[in-house]
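Please look over this protein chain and report on how it is put together. Start with one residue, then widen the view.

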Amino acid sequence: MIHPGEAARLRPMKVGLVGFARSGKTTIFNALTGMSAEVGSFETKRDAAIAVVKVPDPRVDALAEIVQPDRKKYAEVTFLDFPPSAERKAALDTRSLTQMREVEALTQVVRAFDDPLATAPADPLRALRDFQSELILADMGVIEKRLERLRKERGKERERELLEKCQAVLEVERPLRNETFLPEEEMLLSGFAFLSQKPLLIVYNRAEEEMHAAVPQEVASYIEEQGLTAVPICGKVEMEIAELEEDERGLFLADLGVEESARDRFIQYAYRMLNLMSFFTAGPMEARAWTIERGLAAIKAAGKIHSDIERGFIRAEVIAYEAYIEYGGESGCRDAGKMRLEGKEYVMQDGDVVHFRFKV
């Protein structure tokens with residue numbers, strides 16, 4: 001089930017890795033991406049390192065087993081490794097702040113291991129609180145400048161009132177991501193790209209000997225209170241895993257007593273954190289996962305493949321992934337009555353295997 005024409009290339013979602021100096025952030029970046037960015041070079045790094053990572057999804061492999069395509073394509077996420085501030089006590093500088101507003105989500109890497117080169121012992125709870133304070137202060141600065149201009153203008157009372165509401169939230173040290181806004185308010189705020197409003201995932205970067213230990217209660221409680229998710233990772237071990245050949249990784253993980261790498265878990269968490277899901281196309285040319293936002297209508301999902309399909313949309317032939325596997329593909333599902341015909345307003349579901357009918 002695949003459109004025979006050339007599909008438009010999708011822009012992968014962007015996730016920014018941030019953290020204080022010596023947090024192991026670049027080690028985590030290398031583990032996630034398989035790259036070899038220089039670690040410990042915060043004194044000289046000025047631009048973010050960038051890598052596109054495939055989202056592990058065994059469903060693509062299972063579909064490929066049935067249709068035997070020429071190629072497989074997984075969903076993708078772009079990771080950016082932002083250099084920390086030149087000031088060791090800060091996580092962000094002006095250059096990084098500007099770049100960070102362009103990503104859809106943030107990941108804070110928190111050091112939970114001893115480092116003889118660090119100027120202070122690991123304090124994960126303090127790092128979490130200090131980083132949140134930096135995000136809040138950065139957003140307050142943006143709001144204060146904009147309000148100063150709005151007070152001199154007329155006709156923008158709605159924007160002023162909304163920004164004053166956000167200012168009141170930030171003044172009591174609450175991030176904007178924990179607030180509920182109306183759809184029209186979300187639209188108005190989107191242009192500001194507030195950092196404290198972006199989804200935030202925590203990487204708890206710990207020592208190898210602590211790999212199977214629970215996150216300390218005070219840290220876990222703070223993360224829960226903030227409505228966040230933490231992924232415990234030993235960056236050093238994960239980077240070693242990333243450097244292994246594919247057939248060696250399973251043996252290494254078995255020796256560690258884990259079923260899958262923290263890298264794969266983290267990428268999947270990041271994907272879900274962005275409120276994303278995948279639908280699939282499967283045919284002799286390609287088995288592919290397509291990234292869409294949850295709640296997207298079929299006609300808009302068709303446009304993710306090609307604008308011509310959206311423009312000439314007729315219907316969507318939809319099979320649930322589980323049925324596709326159970327009945328051995330499109331033909332078996334059709335015979336079993338498991339294929340549905342859906343219109344343009346159909347809300348796509350995670351795992352839908354779809355063939356879009358269209359005419360241009």
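Beyond its neighbours within four places in sequence, R288 is in contact with K73, F279, F280 and T281. This arginine is found in strand β9, which covers residues 286-293. Is R288 buried or exposed? Its relative accessibility is 14%, and buried means under 20%, so R288 counts as buried.

All of this comes from a predicted model. How confident is the predictor? The mean pLDDT of the protein chain is 86. In the chain, 90% of residues reach 70 or more. Residues 1-9 are another matter: pLDDT stays under 50 there. For that stretch the model has 27 contacts beyond four places in sequence.

Now take the chain as a whole. These are its overall values.

| Property of the protein chain | Value |
|---|---|
| Helices | 14 helices |
| Strands | 12 strands |
| Share of the 360 residues that count as buried | 50% |
| Accessible surface | about 18500 Å² |
| Share of that surface from carbon and sulfur atoms | 48% |

Contacts also reach across the sequence. Take those between residues at least 6 apart in sequence: 69% of them join residues at least 24 apart.

Next comes the interior. In soluble globular proteins, nonpolar side chains tend to be buried together. In this model, the largest nonpolar core has 43 residues. Which residues have the most contacts inside it? They are F79 and F266. Helix α10, residues 262-273, supplies the largest share of this core, with 6 residues.

Leaving aside neighbours within four places in sequence, F79 is in contact with V15, L17, F29, L32, A49, I50, A51, V53, F266, I267 and A270. That list includes F266, the other residue named for the most contacts inside the core.

Helix α10 also holds R263. Which residues does R263 touch, leaving aside neighbours within four places in sequence? The contacts are A31, L32, V53 and E238. L32 and V53 are in contact with F79 as well. E238 is 25 residues away from R263 in sequence. In space, the two are 6.8 Å apart, C-alpha to C-alpha.

Conventions. Residues numbered from 1 in each chain as written. Predicted model: local features only at pLDDT ≥ 70, side-chain atom pairs only at ≥ 80, totals over all residues. Heavy atoms only, no water. Helix = DSSP H or I, 4+ residues; strand = E, 2+ residues; numbered from the N terminus. Buried < 20%, exposed > 50% of the residue type's maximum accessible area, 1.4 Å probe, protein only. Contact = heavy atoms within 4.5 Å. pLDDT = per-residue confidence, 0-100. Core = buried A, V, L, I, M, F, W, Y, C linked by side-chain atoms within 4.5 Å. Areas by Shrake-Rupley, 256 points an atom, 1.4 Å probe, with all protein chains shown as cover.
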